[in-house]
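Biologist: Please pick out a single part of this model and go through it closely, stating the cut-offs as you use them.

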Amino acid sequence: MANKSDIVGSLAKGLQVIEAFRAEQPRMSISDVAAATRLDRATARRCLLTLHELGYADYDGKFFTLTARVLRLGMGALAAMPLAQVVQPWLDQLSDRIGQSTSVSILDGTEIVYLARAAQRRVMSIGLMPGSRLAAHRTSMGRVLLAALPPDQARAIIEASDLTPRTPYSLTDPAEIMARIDAARSQGYCVIDQEVEAGLRSIAVPIHSVHGRVAAALNSGVAAVQADAGDLVGLYLDPLLKVQEGLRRVVR
């Protein structure tokens, strides 16, 4: 572990500012960023203006937005990750077979991070791509990934999460969320009904490595046109499980 004297504080703060931007809040003022990062307003301002000067952020005089240049910071690392390279052909094939978008993600703290995606049609108001993040507790992939953890560890992540509801369907009671995670553990899959966004449902399964550990999660997101969210099991679980089985032989 590095000594504190080896840590560049300004770099750490700049990274905090970059991470403050989310798909649901792509435009932020200095005050917004200060509140999100818990940095003082002057520090947030300096970080934002530095990002603007270097081409990593646009600024209209009030709001900042990240530019595509920021992708350079993450896309190289994502592309170099063996898992992302391994799963992409499987996602493409699965998406073509079922006619729906498919994704693979991993758990990072209280969030999931998309590693790979094959999009058929846009069913969310926010665009998702490798590197996108969503709260783990309200997503199908997040819940199967949390189900792979010891229950007390999963519960601690739920307790540390922002449980503010995104839709009228969003679960906000930690005990109820844990019950859904427990169900995902016993069933081997998870179905989400419009908790991330109204009109969107998803079904996910874990991806196991050749050594048996849960390495990631695989899902399909679909428009909520079925009579019941449970219909996703009959429609999409079998194709997901076939890909799960195929990946079990190649994921390290």
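Modeller: Of the 252 residues of the protein chain, 45% count as buried, that is, under 20% relative accessible area with a 1.4 Å probe, protein chains only. This is a predicted model, in which local features need pLDDT of at least 70 and side-chain atom pairs count only at pLDDT 80 or more, while totals for chains, interfaces and linings use all residues. Residues are numbered from 1 along each chain as its sequence is written, and side-chain values use heavy atoms, leaving out hydrogens and water.

The chain has nine helices and nine strands, taken as DSSP runs numbered from the N terminus (helices H or I, at least four residues; strands E, at least two).

The part I take is the open sheet, built from six strands in the order β6-β5-β4-β9-β8-β7 with antiparallel pairing; two strands pair if DSSP finds at least two bridges between them. β6 (133-135) and β7 (190-193) are at the edges with a single partner strand each, so one side of each has no neighbour in the sheet. From one strand to the next the twist averages 30°, with axes fitted to C-alpha atoms and angles between N-to-C directions running from 0 to 180 degrees.

Strand β4 (residues 101-108) is joined to antiparallel β9 (residues 214-223) by five bridges. Ser101 has Gly221 of β9 as its bridge partner. Helix α6 (residues 140-147) packs on the sheet and touches β4, β5 (111-118), β7, β8 (200-208) and β9, its direction making about 155° with that of β9; contact means heavy atoms within 4.5 Å. Helix α9 (residues 231-248) lies across β7, β8 and β9 and runs at about 25° to β8.

Definitions and conventions:
Buried means under 20% relative accessible area, exposed over 50%, partly exposed in between (1.4 Å probe, protein chains only).
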